[in-house]
Amino acid sequence: MSKLTLGIILFLVALGCNQNPKERSDAEGSDIESKIRQVHADYVEGWKNMDESKVMDLLEEDAQIQPNRFNPVIGKENIRAFWFPRDSSKTIINKFTTEIISLTVLDTIAVTTHSSILDWDYKKDSTNFGMYQKGFNTTIYRKQIDESWKIWRSMWTDLYVKNR
């Protein structure tokens, strides 16, 4: 048997063993996208309910956020202090809607871009104000050892801000 014939036979055997690789890949991709969309939905729901544990559990320990016009906040405990300060202040989420514009999965990393509308109030002692913000957010998720996904990086830009 010639090398060419042997090569063709091995190629055909390998091709036959690899049943529908695109279908398998698409199914896996769809499953990952569903998981990312669920993390995103849990994040939004956590904020709507002001559920500190739910929001914070979605972050990696070394997560970083980049709020519009602020320096980056690095590490889960610093993010907790930024978002949920222990100073008797109260934040009320009146409305928080998002729409995922793009979702890309690259092995153990996923990236979403979404638009958002956030209407919130802040109260502390005699300080009371409200904000209405429209903007865009980019979030990077990383796959964890247990196959779950968590937020690793997030940054947002406000396109429209109105004090109420």
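Biologist: What joins the side chains of Arg 86 and Glu 52?
Modeller: A polar contact of 2.9 Å. That term means a pair of N or O atoms within 3.5 Å; within protein, one must be able to donate a hydrogen and the other to accept it, and residues adjacent in sequence count only if both atoms are side-chain atoms.

Biologist: What kind of model is this?
Modeller: It is a predicted model, where local features need pLDDT of at least 70 and side-chain atom pairs count only at pLDDT 80 or more, while totals for chains, interfaces and linings use all residues. Residues are numbered from 1 along each chain as its sequence is written, and side-chain values use heavy atoms, with hydrogens and water left out.

Biologist: Back to Arg 86. Which backbone oxygen lies 3.3 Å from a polar atom of its side chain?
Modeller: The one of Phe 84.

Biologist: And which residues is Arg 86 in contact with, leaving aside neighbours within four places in sequence?
Modeller: Glu 52 and Arg 80. Contact means heavy atoms within 4.5 Å.

Biologist: Is Arg 86 buried or exposed?
Modeller: Exposed, because its relative accessible area is 65%. The cut-offs are under 20% for buried and over 50% for exposed, with partly exposed in between (1.4 Å probe, protein chains only).

Biologist: Where is the place of Arg 86?
Modeller: In the loop between helix 4 (76–83) and strand 3 (90–106). Helices (H or I, at least four residues) and strands (E, at least two) are DSSP runs, numbered from the N terminus.

Biologist: New topic. How many helices and strands does the protein have?
Modeller: Four helices and six strands. Along the sequence the pattern reads α-α-α-β-β-α-β-β-β-β.

Biologist: What is the strand order in the sheet?
Modeller: The order is 2-1-6-5-4-3, in an open sheet with mixed pairing. Two strands pair if DSSP finds at least two bridges between them.

Biologist: Which strands stand at the edges?
Modeller: Strand 2 (73–74) and strand 3. Each has a single partner strand, so one side of each is left without a neighbour in the sheet.

Biologist: Which strands does helix 4 touch?
Modeller: Strand 1, strand 2 and strand 6, as helix 4 packs on the sheet. The directions of helix 4 and strand 1 make an angle of about 55 degrees. Axes here are lines fitted to C-alpha atoms, for helices over the stretch in contact, and angles run from 0 to 180 degrees between N-to-C directions.

Biologist: Do strand 1 and strand 6 run parallel or antiparallel?
Modeller: Parallel. Four bridges join strand 1 (residues 59–66) to strand 6 (residues 149–163). Leu 59 stands opposite Ile 151 there.

Biologist: How many bridges join strand 5 to strand 6?
Modeller: 13, and these two run antiparallel. Gly 135 has Asp 158 in strand 6 as its bridge partner. For Asn 137, the partner is Trp 156.

Biologist: And strand 4 with strand 5, over how many bridges?
Modeller: 16, again in the antiparallel sense. Asp 119 stands opposite Tyr 132 in strand 5.

Biologist: What about strand 3 and strand 4, how many bridges there?
Modeller: 15, antiparallel. Ile 92 is bridged to Asp 121 in strand 4.

Biologist: In the hairpin of strand 3 and strand 4, which residue takes a positive phi?
Modeller: Asp 107, near 65 degrees, with two residues between the strands. In the turn between strand 4 and strand 5, Asp 125 has a positive phi of about 50 degrees. Glu 147 takes one near 80 degrees in the hairpin of strand 5 and strand 6, which has five residues between the strands.

Biologist: Last one. What share of the 164 residues is buried?
Modeller: 31%.
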